[in-house]
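Have the model open in your viewer with residue selection ready. The stops below are given in the order to select them.

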Amino acid sequence: MVNVTIWNEHLHERRNEVVRKIYPEGIHGAIAKGLQGLGNFKIQTATLGDLEHGLSQAVLDSTEVLLWWGHLAHDQVSDAVVERVQLRVLSGMGLIVLHSGHYARVFKRLMGTFCSLKWREAGERERLWNLRPDHPILQGIPEYIELPQEEMYGERFDIPEPDELLMISWFQGGEVFRSACTWTRGHGRIFYFRPGHETFPTYHDPQILRILANACVWARQRVNLNVTQAPNRAPLEQL
């Protein structure tokens, strides 16, 4: 069983009627519901408005992989939570960053770059090309996925060179984008996945949900190491 925590700002759904109709239980609720039946997951959710943003030390200690969706309030996430999540990733927890979470403070800190990009809201078609059908995250995914409407993200995407580039998006307006990338930071695995603009039903798409389910298994915590200490050790053999 994989212990999954889905974090979402949960602001758009409460402020925008269009978003509320698409995601009446919140983006986090839609992803949680969509993952059920796609794997052996124990899922909890957390939002910005919860105490400690729902990411207390106890919650993170019980989390093997954290999914993160944010947009409007990156600057409202506390320093304590950013540092707590960063340390858990370095210690072994997996992190899946979704769509506009590219600007999340914890993602930028782990990447060491601004993570900036081009964007356009025009409801255009997106085609995500599967570059690595052999990769565990893309198991069962066809040659490409086509979304009828999405927000455009375009290059240059200011990220460090990915360990693995899994998908490239083409948009109707002509841009392309590195839409599925992996990294390792410390002992934790990170997956960035681009689709998921709040005004389109992307997180109801079966192929998108399958990728997220696969990613939860791939990114799950494999070790839990204390990376904050540098102990002075006695020799194992007589000196």
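Start by selecting Ile31, Gly34 and Leu35 in helix 3, which meet Leu209, Leu212, Ala213 and Cys216 in helix 7. Bear in mind throughout that this is a predicted model. Sorted by class, the contact of helix 3 with helix 7 has six nonpolar residues, one polar residue and no charged residues.

Now show both helices whole: helix 3 covers residues 26–35 and helix 7 covers residues 206–219. Two packed helices are described by the angle between their axes and the distance between the axes. Here the axes come within 10 Å and cross at roughly 80 degrees.

What is the phi of Glu52, which is not a glycine? The value is positive, about 55 degrees. Glu52 is partly exposed, with a relative accessible area of 37%.

Move on to His53, which also lies in the loop between strand 2 and helix 4. His53 is not a glycine either, and its phi is positive at about 55 degrees. Is His53 buried or exposed? His53 counts as buried, because its relative accessibility is 11% and the cut-off for buried is under 20%.

For the last stop, select Glu155 and Arg156, which are joined by a cis peptide bond with omega of about 20 degrees. Arg156 is found in the loop between strand 6 (144–154) and strand 7 (164–171).

Methods: Residues numbered from 1 in each chain as written. Predicted model: local features only at pLDDT ≥ 70, side-chain atom pairs only at ≥ 80, totals over all residues. Heavy atoms only, no water. Axes fitted to C-alpha atoms, helices over the stretch in contact; angles between N-to-C directions. Helix = DSSP H or I, 4+ residues; strand = E, 2+ residues; numbered from the N terminus. Contact = heavy atoms within 4.5 Å. Nonpolar A, V, L, I, M, F, W, Y, C, P; charged D, E, K, R; others polar. Buried < 20%, exposed > 50% of the residue type's maximum accessible area, 1.4 Å probe, protein only.
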